[in-house]
Amino acid sequence: MKKLVIVALAVAAAACVSESTMRVEANQQFQQMRRQLPISTDPAQRAYIFCVAQSVLRVVEEPYASRAWEIEVFDMPDANAFAMPGGKIGIFSGLLDVAQDQHQLAAVIGHEIAHVTREHQVAQANRGMMTQGAAAVLGASVGMQQEAQALAQVGLTLPFSRQHEREADEVGLIYMAEAGFDPRASITLWKNMEEKSTGPRPPQFLSTHPAPEDRMGKLIAGMSGALDRYNAALARGVRPVCE
Ligand SMILES: [Zn+2]
């Protein structure tokens, strides 16, 4: 019994992955993806995606706004996108089949950035302790530093919880609207995503972003506030034109 308590305490002590550990780990993973995956060489496609992402990033709050944000476009047919702690954004070119205009693309990017600014990956890493995968990784590692790194890696790969998805939808909607993108496009975007989910090539995005059942209801509930922010942005002259 005593032994069990000691083990539990040791696990609890180790199970605290900081946001800064996550940033280091995410940066390594991002640079590795850049080396290993095909990078889009289509200048027009890259410019379009950078334009949308940079427009959304302009409304992000501190301390996240000052992170070393990097955006990469991977030449991959999957409909997928991610953002990682420290400000690394990856967009797979196949996402453009689902996100069909700048407003819809801003909805995905706003959602992804919200996962970072609400530190969902950090929470995932700390929750990752409870999973078997994490236990296996931890079993093979020695020392607190390695344990933290291993947990950070797990945190970057685990699917988000539906609660995190709801929050990323909510915050992402605000980001896109403040950046001058029409928040109503988020509804079209998530409908497109759902439609493709039963097709021959379901969006890879859905494997790490489980759709909350009440997504549409929540989006509609937040729409009036988002439209106010959108109209205020337009009135300030914030009207991104990404092509
Ligand atoms: Zn998500």
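Helices (H or I, at least four residues) and strands (E, at least two) are DSSP runs, numbered from the N terminus. The model is predicted: local features need pLDDT of at least 70, side-chain atom pairs count only at pLDDT 80 or more, and totals for chains, interfaces and linings use all residues. Residues are numbered from 1 along each chain as its sequence is written.

**Exercise 1.** Determine which pattern the chain follows along the sequence.

Solution. The chain contains 11 helices and three strands. Read in sequence order, these elements give α-α-α-β-β-β-α-α-α-α-α-α-α-α.

**Exercise 2.** Describe how helix 8 and helix 11 pack.

Solution. Step 1: helix 8 (residues 162–178) and helix 11 (residues 215–235) meet at an angle of about 20°, their axes being 8 Å apart; axes are lines fitted to C-alpha atoms over the stretch in contact, and angles run from 0 to 180 degrees between N-to-C directions. Step 2: the two helices are therefore roughly parallel, a class that takes angles under 35 degrees.

**Exercise 3.** Identify the residues with the most contacts inside the largest nonpolar core.

Solution. Step 1: a nonpolar core is a set of buried Ala, Val, Leu, Ile, Met, Phe, Trp, Tyr and Cys residues joined through C-beta atoms within 7 Å, buried meaning that 20 or more other C-beta atoms, placed from the backbone, lie within 10 Å of the residue's own. Step 2: the largest such core has 53 residues, and Val56, Ala106, Ile109 and Met176 have the most contacts inside it. Step 3: helix 4 (residues 102–117) gives the most to this core, with eight residues.

Conventions:
Angles under 35 degrees count as roughly parallel, over 145 as roughly antiparallel, 65 to 115 as roughly perpendicular and the rest as oblique. A residue is buried if 20 or more other C-beta atoms lie within 10 Å of its own, exposed if 12 or fewer, and partly exposed in between; C-beta atoms are placed from the backbone.
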